[in-house]
Structures are given as structure tokens and as C-alpha cells.
Amino acid sequence: MANNYYDATGVLVLDRVTPVITALFGRYRLDPAHPGDGQAYIARISETRTPQWCDVLLDLVALAATLDLPAPGYDAREGEDGLEGSDDLAIEAMLDLLAGHFRAEGNADLLNLIEHHAFDGEADLEALFLIATCFDDGHHLAAMLFEGCWHCSRPRLFEFGGDSCFLSREVRLLGNSTSALQLGEGLRKAILANDAGAAAALIAKEAQALLGGIFDDHFRMRVVQRVAARLLEGPASIPDPA
């Protein structure tokens, strides 16, 4: 029997680690001292407990208590594995409570998250990043860089790969090695079929995904115009990345 694993490490780029950051990312093996210089280490390690939304709820309840914001209807108590509580309080209500404290109750992205996110199972870092930027207690979280890999205890085909994400208040970029394999296969088929339209569609889709990660609509359109102009000028007009 083969076992599959996923391990990842990353950093939070911020001014300092605060109670909000600890509550949201503490179970991701948060290390405020490493690597330093405005960055704090986080990790997801296989064969250890993956942070769940129920864990985040407990930590947010503890955070609220330190802010003198007792969670209504929540029966917190100590158990064998640490702080436990009743199921009377949903994480959506906890986020609403904290949003009022941090004056983020009108944030459209946060409201959309609270309304539509399942908050079930593993706590995803993209949602945690958004919540942190809305609940700023002096951390001034600017970005998150996270890179991981999946691997197998047996050398099976396509059971190994990597992924990464870059999240900030301005940009969202996600990528993985599987996408590169799929793109390569699609481009090869288009070239062998002499189908320039299909190849162009694949490349345009990739470009649109990159451009879609820029949140500022006006800036994104300026970038689109510049990219189109550079492509029309030919490869010589595109400088090598520094």
C-alpha cells in the first residue's frame, strides 16, 4: 500500500506577529523569529495534524476573550487536548463579531467569504490571509509566499509534483507543476495539428490567469496594453527578467 504526502513551507511578510496572526496562523507551525527581517515562517507538514477550521474557531474565541469580546453562546472549557467548546457558535458569527471590533464589517471581500465559504475541513491559507488583512491589529500583513510538494512512498507515475502561491493585497498568483504538464501537452497537440488558433487560445488562457491576479482593474488594463504591444514588437522587445 502506497502512502501519499503533502508538505509545504512559506513565509508571512509583515511588520510583526500579533495576536491576530497567532490566532489565524499559529497552527501552521508559525515561527515569528525565522527567517526574520519582516518574515515569519509557516508550514504544513504531513503526518501531523493539519489545521482545521474548527481549530481556527477555537483560537479566534481565545483572541476575542483577550479583546473582552466574549463569544455569545460559546461554552469554552479545557479538555485533554487543550481548549474545547460547544458547537453552538459558528465561525461565521465569530468572524462577524471580530469584524465589528476591527471595523471591517463593510469589507465586501470579507462579507463574501463569510457568506459563501464552507469553513469545513482544512483551513485554507487564502481565506486566512484575507481575514488577517481585514483584522489588522498592527501586523500590517503585506504578502504570503507558500511553496509545497506532494509525494508518494512508492515511485508511481504522476504522484510527485509541486505548487506555490503568492498572495498580497494587490496580487494573487497560484501555480503547480501539473498545469505545466497539461499546457505542454496541449501546445504539442496544437503544433502537430498546425492549429495556431488552438495554441493561441492556450497561451491566452495562461496570460488571462496571470492578469486576473492583479486586483486593480485600471492597472490591469494598462498591463494588458503593454503586453500586447511588446508581443507585437517581437521577442527582442521583451527583456530577460532580472
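The dialogue below reads a predicted model feature by feature.

Q: What kind of model is this, and how are its residues numbered?
A: This is a predicted model, in which local features need pLDDT of at least 70 and side-chain atom pairs count only at pLDDT 80 or more, whereas totals for chains, interfaces and linings use all residues. Residues are numbered from 1 along each chain as its sequence is written, and side-chain values use heavy atoms, with hydrogens and water left out.

Q: How many helices and strands are there in the protein chain?
A: Helices (H or I, at least four residues) and strands (E, at least two) are DSSP runs, numbered from the N terminus. The protein chain has 8 helices and 8 strands, and its C-alpha atoms fill a box of roughly 65 × 50 × 35 Å along the principal axes. Buried means under 20% relative accessible area, exposed over 50%, and partly exposed in between, with a 1.4 Å probe and protein chains only; of the 242 residues of the protein chain, 33% count as buried. With contact taken as heavy atoms within 4.5 Å, 61% of the contacts between residues at least 6 apart in sequence join residues at least 24 apart.

Q: How is the packing of helix α6 and helix α7 to be read?
A: Two packed helices are described by the angle between their axes and the distance between the axes. Axes are lines fitted to C-alpha atoms, for helices over the stretch in contact, and angles run from 0 to 180 degrees between N-to-C directions. Here the axes of α6 (residues 177-192) and α7 (residues 196-212) come within 8 Å and cross at roughly 155°. Angles under 35 degrees count as roughly parallel, over 145 as roughly antiparallel, 65 to 115 as roughly perpendicular and the rest as oblique; α6 and α7 are therefore roughly antiparallel to each other.

Q: Which residues of α6 and α7 meet?
A: From α6, the residues L183, G186, L187 and A190 meet A198, A199, L202, I203 and E206 of α7. By class, this contact has 7 nonpolar, 1 polar and 1 charged residues, where Ala, Val, Leu, Ile, Met, Phe, Trp, Tyr, Cys and Pro count as nonpolar, Asp, Glu, Lys and Arg as charged, and the others, Gly among them, as polar.

Q: At what angle do helix α2 and helix α3 pack?
A: Helix α2 (residues 53-66) and helix α3 (residues 91-101) pack at an angle of about 35°, with their axes 10 Å apart. On the α2 side, W53, V56, L57, L60, V61, L63 and A64 meet I91, M94, L95 and L98 in α3, and the residues of this contact divide into 11 nonpolar, no polar and no charged.

Q: Is helix α5 largely enclosed or largely open, and which of its residues are buried?
A: In helix α5 (residues 125-134), 8 of the 10 residues are buried, so the helix is largely enclosed by the rest of the structure. The buried residues of α5 are L125, A127, L128, F129, I131, A132, T133 and C134.

Q: How many disulfides are there?
A: A disulfide is a pair of cysteine sulfur atoms within 2.5 Å, and by this rule the count comes to 0. C152 is in no disulfide, the nearest cysteine sulfur being that of C149, 12 Å away, and C152 is buried, with a relative accessible area of 9%. C165 is likewise in no disulfide, the nearest cysteine sulfur, again that of C149, lying 14 Å away; at 17% relative accessibility, C165 counts as buried.

Q: Where does T50 lie, and what is it in contact with?
A: T50 lies in the loop between β3 (39-44) and α2, where, at 18% relative accessibility, T50 counts as buried. Leaving aside its neighbours within four places in sequence, T50 is in contact with R44, D55 and E122.

Q: Which residues have a positive phi, and where is a cis peptide bond?
A: Most residues other than glycine have a negative phi, and most peptide bonds are trans. D68, which is not a glycine, has a positive phi of about 60°; D68 lies in the loop between α2 and β4 (77-79) and is exposed, with a relative accessible area of 65%. H140 has a positive phi near 50°; H140 is found in the loop between α5 and β6 (143-152) and, at 42% relative accessibility, counts as partly exposed. A cis peptide bond joins H34 and P35, with omega about 0°, and P35 is found in strand β2 (residues 31-35).
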